[in-house]
Amino acid sequence: MNFFDKCKIWVLFICLICEMGHGFYLPGSYPHKYVVGDFLNVKVNSLTSVDTEIPFSYYSLPFCKPQEGVKDSAENLGELLMGDRIENSPYRFKMHTNESDIFLCQTKPLSGDEFKLMKKRIDEMYQVNLILDNLPAIRYTRKDGYSMRWTGYPLGIKVQDLYYVFNHLKFTVLVHKYEEPNVANVMGTGDAAEVIPTGRKSDDVPGYMVVGFEVVPCSFQHNSDSLKNLKIYGKYPFGIKCDPSSVAMAVKENEPVSYTYEVVFVESDIKWPSRWDAYLKMEGAKVHWFSILNSLMVITFLAGIVLVIFLRTVRRDLTRYEELDKEAQAQMNEELSGWKLVVGDVFRAPSNPSLLCVMVGDGVQILGMATVTILFAALGFMSPASRGQLVTGMLFFYMILGIAAGYVAVRMWRTIFCGDYKGWVSVSWKVACFFPGIAFLILTTLNFLLWGSHSTGAIPFSLFVILILLWFCISVPLTLIGGYFGAKAPHIEYPVRTNQIPREIPEQKYPSWLLVLGAGTLPFGTLFIELFFIMSSIWMGRVYYVFGFLFIVMVLLVVVCAEVSLVLTYMHLCVEDWKWWWKSFFASGSVAIYIFLYSINYLIFDLKSLSGPVSATLYIGYSLFMVIAIMLATGTVGFLSSFWFVHYLFSSVKLD
């Protein structure tokens, strides 16, 4: 099988993965059948804002509370780390029963502190997030003739000097007639449900599934006298006209706020597996394809350079070198220039070899975690219906891949020191503690800021203990096991001997590190378009679910990083610079610098509304954590590709 046949197979495989990611959809939860009249309970999530990026509990503000008391829903590790706090609410509906003018409660007169807090949250543009049958409430607005959709609704609005609260909600629940679950309608598009029989009769009682949840917030001034004798779920005596274009309920100190709602059920053609389409509807597909095309152009350009190096330069030099007899080779060695002159120094141990091995090991772990997580998400196994599943999966894969990190780091350590396995335990420990230690330091610092703000984004102390136990009881032992296998595995033999006295590196016309730092622009060029969508998902509250595109972009990024590092390593060897180890790592790892600069640019120009030093510190802290992980992953790709290239290059040279 020639090279082009292999390329065709890989292209076909990637296309197949993308198609599967588009067509294979796992909803993440089982269809729930509701009979007419069954109660539907609405839940509430944390209040969120793109202005501060600090989530707060729903009941931190004076809202109506359920009769049975506030109860937390069971949350997984990922939800807690993401700041989600899902609780019950007093909003409840009856399946397929339209209701209007339902009174919920009238709060106590707002104290001075509650009034100030309400005004502050309205100024900071906080959103209320409701959930029905695992579907977030969605809100549609129109602007300049375009329809826009948002999850949640604003807490209130400021008009001139008055603050108005949205105290009346108009809900629309989209329902679809319940269909007996089978392989076709749970795992596919649902269109084959009428074709494939289930082999059993359905119940005689008709049921419905919730396939959509929409909300329209309104500000309505209730008649205080009419509320005196009303109890929860009572009917407000006067009709409430919900007009989202006008406001009436002003928030005032020492005055109560009344809350009401109405609900309308609408039968929809939307089927169960398609009910998340409204949230995941991909916009700007052409932009994603442009990003991929842009990356392919960069890869083709670099691949051409690599091909020239291999076929024209390296192969030609090696062929000429090997055709000479020994006497002619000795004479030629005196006239050699470029990479062939550093044959006795090219495998000389780098400075700080332990740190290099540790960073490469952690890079392998991060890269493996990202690859497996994105692949699983692209195939539909990590549905947004299962909140926190993505973060939980990332933690799980990261811990498991500690074996690979320990193995690669220790084997590289033994290779650098020509098979000496002493110190492998120390290297394994450093691998297990280096990146997690940095992450722990950054997240702990940010967590103190969130604790001080009484935010639900703060990691509870109990979760901190769980994370530390996962670190030292699972991740560290697995890394040590990987290090043990790395110590037992044969080290990679160098093809040439290293001279005792290091060769002097000629003075360069330009600093070599300048070229290394500039090399990061090429990998950044393949990533920056997709990076905008990812940043918008994280900081602007938008749903990101185009993992098929992300997987392709990540594959292209790996290829570009490998090519960039390989070309720069060859250029350094040609000018007799044999200190290639760290430079090959940072040639591709320097993309992290440009990503961090892009993050600062995004903060200044796209997150203009981000207010307060705490919010800015959180943004910079999380961005720093992200770029360190990217630096380790991309640097590892560059180093390992350069190591393979140098080993291959000098293993072809004949020496006495």
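**Entry 1: Asn352**

I began with Asn352, which is exposed because its relative accessible area is 52%. For the record, exposed means over 50% relative accessible area, buried means under 20%, and partly exposed is in between, with a 1.4 Å probe and protein chains only. This is a predicted model, in which local features need pLDDT of at least 70, side-chain atom pairs count only at pLDDT 80 or more, and totals for chains, interfaces and linings use all residues. Residues are numbered from 1 along each chain as its sequence is written, and side-chain values use heavy atoms, with hydrogens and water left out.

I found Asn352 in the loop between α7 (326-335) and α8. Helices (H or I, at least four residues) and strands (E, at least two) are DSSP runs, numbered from the N terminus. What is phi of Asn352? I read a value near 50 degrees, which is positive in a residue other than glycine.

**Entry 2: Glu576**

I then looked up Glu576, which has a positive phi of about 65 degrees although it is not a glycine. Glu576 sits in the loop between α15 and α16 (581-589). Is Glu576 buried or exposed? Its relative accessible area is 16%, so I count Glu576 as buried.

**Entry 3: the chain as a whole**

I stepped back for the totals. The chain has 18 helices and 15 strands, and 50% of its 656 residues count as buried. I take contact to mean heavy atoms within 4.5 Å. Among the contacts in the chain with a separation of 6 or more, 83% come from residues 24 or more positions apart.

**Entry 4: α8 against α11**

Next I turned to helix α8 (residues 353-378) and helix α11 (residues 424-452). Their axes come within 9 Å and cross at roughly 55 degrees. That angle makes α8 oblique to α11. Axes here are lines fitted to C-alpha atoms, for helices over the stretch in contact, and angles run from 0 to 180 degrees between N-to-C directions. Angles under 35 degrees count as roughly parallel, over 145 as roughly antiparallel, 65 to 115 as roughly perpendicular and the rest as oblique.

I noted that α8 passes α11 in a right-handed crossing. A crossing is right-handed if the near helix is turned clockwise from the far one by less than a right angle, and left-handed if anticlockwise.

Which residues make the contact? From α8 I listed Ser354, Leu355, Val358, Met359, Gly361, Asp362 and Ile366, and from α11 Val427, Lys430, Val431, Phe434 and Phe435. By class, the contact of α8 with α11 holds 8 nonpolar, 2 polar and 2 charged residues. In this scheme Ala, Val, Leu, Ile, Met, Phe, Trp, Tyr, Cys and Pro count as nonpolar, Asp, Glu, Lys and Arg as charged, and the others, Gly among them, as polar.

**Entry 5: α10 against α12**

On the α10 side I found Gly402, Ile403, Gly406, Tyr407, Val410, Arg411 and Arg414. They meet Leu478, Thr479, Gly482, Gly483, Phe485, Gly486, Ala487 and Lys488 in α12. The residues of the contact of α10 with α12 divide into 6 nonpolar, 6 polar and 3 charged.

**Entry 6: two buried serines**

Ser258 lies in strand β15 (residues 258-267), and its 5% relative accessibility makes Ser258 buried. What joins the side chains of Ser258 and Gln106? I found a polar contact of 3.3 Å. A polar contact is a pair of N or O atoms within 3.5 Å; within protein, one must be able to donate a hydrogen and the other to accept it, and residues adjacent in sequence count only if both atoms are side-chain atoms. Not counting residues up to four places away in sequence, Ser258 touches Cys105, Gln106, Asn167, His222 and Leu227.

Ser49 is in the loop between β2 (39-44) and α2 (77-82) and counts as buried at 6% relative accessibility. I saw the side chain of Ser49 reach the backbone oxygen of Glu124 at 2.4 Å.
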